[in-house]
Amino acid sequence: MEKQNLDLYWRNIQIMQENDRLRKTAQRLRQENEALYTELKQRLAAKRINKIPELELTLGPSSAANQMKPKNPQPPSCS
């Protein structure tokens, strides 16, 4: 009975050590994941900010309205 208790005691210690190792690995991976997620959000935000002026230049109301106006308007012909 005492030998069995000792065996279970050592097995329990091994399980606790493995659990601690896995917890540290999970924590490191969680921090890495958070850092990558933050970097991704920053890159996407920067991309959106950089695209806004381009859209305003090419699709803005003033440039679109100017492109649609004829340069020399002609009155409709009466036939």
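Reader: Let me start with charged side chains: which side chain does E18 meet in a salt bridge?

Author: Welcome! Please keep in mind that this is a predicted model. To read a salt bridge, look for a side-chain nitrogen of Lys or Arg within 4 Å of a carboxyl oxygen of Asp or Glu. Here the partner of E18 is R21, and the N to O distance is 2.6 Å.

Reader: How many residues apart are E18 and R21 in helix α1?

Author: They are three residues apart, so about one helical turn separates E18 from R21. As for the surface, E18 is partly exposed at 37% relative accessibility, and R21 is partly exposed at 45%.

Reader: How many salt bridges does the structure hold?

Author: There are five. One of them joins the side chains of K3 and D7, at 3.2 Å from N to O. Both residues belong to helix α1, which covers residues 2-59, and a spacing of four residues puts K3 and D7 about one turn of the helix apart.

Reader: Is K3 exposed or buried?

Author: The general idea is to check the relative accessible area: under 20% means buried, over 50% means exposed, and values in between mean partly exposed. K3 has 59% relative accessibility, so K3 counts as exposed.

Reader: Which side chain meets D20 in a salt bridge?

Author: That is K24, with 3.5 Å from N to O. D20 and K24 also lie in helix α1, four residues apart, which is about one turn of the helix. D20 is partly exposed, with a relative accessible area of 32%, whereas K24 counts as exposed at 54%. Look at R23 too: salt bridges with shared partners link D20, R23 and K24 into one network.

Reader: Now for the rings. How is a pair of aromatic rings described?

Author: You describe such a pair by two things, the distance of the centres and the angle of the planes. A search of the whole structure finds one aromatic pair. The pair is made by Y9 and W10, whose ring centres lie 5.4 Å apart with the planes at 70°.

Reader: Why is the pair of Y9 and W10 edge-to-face?

Author: Planes over 60 degrees apart count as edge-to-face. The planes of Y9 and W10 are at 70°, so this pair gets that name. Both residues can also be placed by their accessibility: Y9 is partly exposed at 47%, and W10 is partly exposed at 48%.

Reader: Let us step back to the whole chain. How many helices and strands does the chain have?

Author: The secondary structure comes to two helices and zero strands.

Reader: And what share of the residues counts as buried?

Author: Of the 79 residues, 4% count as buried. The accessible surface of the chain comes to about 8,100 Å², and carbon and sulfur atoms account for 58% of that surface.

Note on methods
Residues are numbered from 1 along each chain as its sequence is written. This is a predicted model: local features need pLDDT of at least 70, side-chain atom pairs count only at pLDDT 80 or more; totals for chains, interfaces and linings use all residues. Side-chain values use heavy atoms; hydrogens and water are left out. Rings of Phe, Tyr and Trp (its six-membered ring) pair if their centres lie within 6.5 Å; planes under 30 degrees apart count as stacked, over 60 as edge-to-face and the rest as tilted. Buried means under 20% relative accessible area, exposed over 50%, partly exposed in between (1.4 Å probe, protein chains only). Accessible areas come from the Shrake-Rupley method with a 1.4 Å probe; for residues, only the protein chains shown count as cover.
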